[in-house]
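Q: Could you walk me through a few features of this model, one at a time?
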Amino acid sequence: MTATLDMDRRQLEEVTADLLGHYSGLDHLRARLDAGEAHSPQLWKRFAETGLVSALVEEERGGAGLTPQHLPGVLHAMGYHAVPEPFLETAVLGATVLGAFPDHPESSARLEALAEGELIVGIRSSHLDPYVAFGANADLVLDVTSEGRVTVYRPEELDIEELNAVDPLRPVTRVTPRGSGEVLGTSSETATLVSTLAVAGAACQLAGAARRLVDLTVEYVNVRHQFGRPVGSFQAVKHKIADVAVGVDMAEAAAASALGDLDQEGAARRAAVAKAYAGQAADHANVEALQLHGGTGFTWEYHLHFWLKRVMSLSAAYGTTTTHRRALAQSLLTHMSKEDRG
Amino acid sequence: MMTTKTTEGFDTPVEEFRAEVRQWLSENVPAERLRPWTTKEGFDQHRRWERTLFQGGYAAVDWPVEYGGRGAGLRHTITFAEEYYRARAPERVNMGGLYLLGPVLMQYGTEEQRRRWIPDLLSCSTIWCQGFSEPGAGSDLGSLRTRADRDGDHYVVNGQKIWTSMGGFADWIFALVRTDPEAAKKRKHAGISFLCIDLRSPGVEVRPLTMVDGTQGFAEVFFTDVRVPVENVVGEVGQGWQVAMSTLGFERGAVFGDHAKFSNDVAALAGLVHHRGFADDTLALDELGRVLVSTEVYRANVYRLAALAEAGGDLDRTASINKLYWTEMQHDIFATGLRLMAEEGAIVGDTSAIDENDPLTARAWQEWHHRYWYSRGAMIFGGTSEIQRNIISERVLGLPKEPRPS
């Protein structure tokens, strides 16, 4: 890791924390929930103005010209704040796919619109995930097949069915093309990169959301008293939180390396490892966080459920823990039977 | 294998160093598997191997040059360990000396103590063991009662240590003893000193304990009026608790490069899945996948901690998290292997179900039950998992302390 990359990361993380702290706090989440609409064009505009949306867009197209390696902390923060926006899908995956076909006549215009915050992108990658996150908000849906064929659909060419998502602030849709769309091209490298980024990016967000569950729970058990003492002083409670915290800490390490070391060999494997583990750690955090909050955590009024549902939604997205585990195990067995095992 | 900071003068590029280490190991690692170190014969073989390593300059690559190390930085240290496990070189048998006492001497020892003990420790001429636990002082280590009473320029030691790993094979012990029993009345961690004792001294009796799997590995050590020169105290007299806590930090913290050992274990686990005919069984794949993922996550953590250490960060907060994680992961590896082997999991070391063209898996399976029991021990030694959870919840997460019984 270079010193510049490290510094850029820290700067980006500060900007993101500041922005999300101000504009995507509990009030915002509650307002979006009440409005029945996760995406907020105003918040997205702020993301664009800060330069977050255009992080991966080349400088000559109005972007910041950064790399995905800059973004582990940003994505972690998106999970930590349960941000109800398609940041991963648009700013990371959308920008990457559109940027991979620079010769296309509309490439520049689309990237510039994306950088301005005027283009929301949905990603349809059926081999990875049957649903499209924020599909109903998308101005364009990019379909990426496992072979790497990329097709662009405008909303009028699609049937978009809004589903009853477990996390209302991460809406998912079922998207079925009606027309043939427009094929941008075929690039297996792009397909691999997009799926690695989706998987690693989801792992970073999951780790962030799970970290929030730990923080909320630590805060709660410090405040809540029973039997004349904070419930957090009971060993049964402490040990549960310690186990969750170990998992989340390790998930953060794996997720940060999955995205942060993207340019090194084995990136797709690291992403799968990170997503599998982050899903496992976040599921554990989900269970214990609610358990240790007792009745309070079970209410609509209290805010714990934003993160309970976010980790459920992200655990299921872009390949579950089980999907990734099995694929990794199969790949190890195949690799070994090819080698001389002697 | 990290212990101290890099010293000047080690500037071989990592890949060049990797090639050099790989070459040396390929020429020196014994072709024949050594006998288990839990036997006298095996222990001597391992000791000879340590001497070979020392002569090759690889006993402790991360140690400063002035103490006989290579002054290698973390990247090189990790690289060395990766190659060491890749070559499936023998287990190291002077862990207590290399990882615990060595660093303590560098941090707290006098120049004289370093000169006296470090070279023999490094060449494995002296095997060291750790004397912390006592029958009445395990998790509550601060209640230890072994006392050392001053008599002229000696201490007279009386008491008992227990669960002493390698105790039956060791030459010296570094022990926690009460040099000021009065101080404990005010604060139980006060008045303790860190004392090095020659196990051949009159009045020392080492009784080997047979472990749960029938092998020899630890011991009880009894001290009856054992005379120990006062200059064998490491650190300030009465400050032994602080010195000991730093060795526990070394013991619990990242052993940089260890992930490569666990990758070998996962490869063996995959071999077991294969030979048991479970390669298409989704439940077996889930188990293998879970373990594979946890070891890869551990690798990511090792590199993260290395980066943190290089940036001058504080690794103390990470030690308990690291220990709890790797010990549970290690247990999961071996318990999963036993489960996957199903009925054959109840038979120790029978390799008849494993294809003879797969010697690595066969060899791993021969040692599987022993490693399994070791993994159970690892969740107890160096501070039990429960103690680690207390530390994580109180010192890392800031949860309130449990009220102490008055």
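**Reading helices, interfaces and sheets**

A: Start with helix H4 of chain B, residues 95–108: its 14 residues reach 19 Å from the first C-alpha to the last, close to the 20 Å expected at 1.5 Å a residue. The expected span is 1.5 Å times one less than the number of residues, and helices (H or I, at least four residues) and strands (E, at least two) are DSSP runs numbered from the N terminus. This is a predicted model, with local features needing pLDDT of at least 70 and side-chain atom pairs pLDDT 80 or more, while totals for chains, interfaces and linings use all residues. Residues are numbered from 1 along each chain as its sequence is written, with chains lettered from A and ligands numbered from 1 in the order in which they are written.

Q: Where in H4(B) does a kink lie?
A: A bend is the angle between axes fitted to the seven residues ending at a residue and the seven starting there. Here a kink of about 35° lies at B:Leu101, shortly before the proline B:Pro103.

Q: Why is H4(B) said to be largely enclosed?
A: Count neighbours: a residue is buried if 20 or more other C-beta atoms, placed from the backbone, lie within 10 Å of its own, exposed at 12 or fewer, and partly exposed in between. In H4(B), 10 of the 14 residues are buried, so the rest of the structure largely encloses this helix. Both B:Leu101 and B:Pro103 are among the buried ones.

Q: How many residues of chain A are in contact with chain B?
A: Contact means C-beta atoms, placed from the backbone, within 7 Å. By that test, 36 residues of chain A touch 38 of chain B. H8(A) gives the most to chain A's side, with 13 residues.

Q: What is the strand order in the open sheet of 4 strands in chain A?
A: Strands pair if DSSP finds at least two bridges between them. The order is E1-E3-E4-E7, with mixed pairing. E1 (121–124) and E7 (182–186) stand at the edges with a single partner strand each, so one side of each has no neighbour in the sheet. E4(A), residues 149–153, runs antiparallel to E7(A), joined by 4 bridges; A:Arg149 has A:Thr186 as its bridge partner.

Q: And the open sheet of 3 strands in chain A: which order does it have?
A: That one goes E2-E6-E5, with antiparallel pairing. E2(A) and E6(A), residues 172–177, pair over 2 bridges, and A:Ala133 has A:Val172 as its bridge partner in E6(A).

Key: Two residues are in contact if their C-beta atoms, placed from the backbone, lie within 7 Å.
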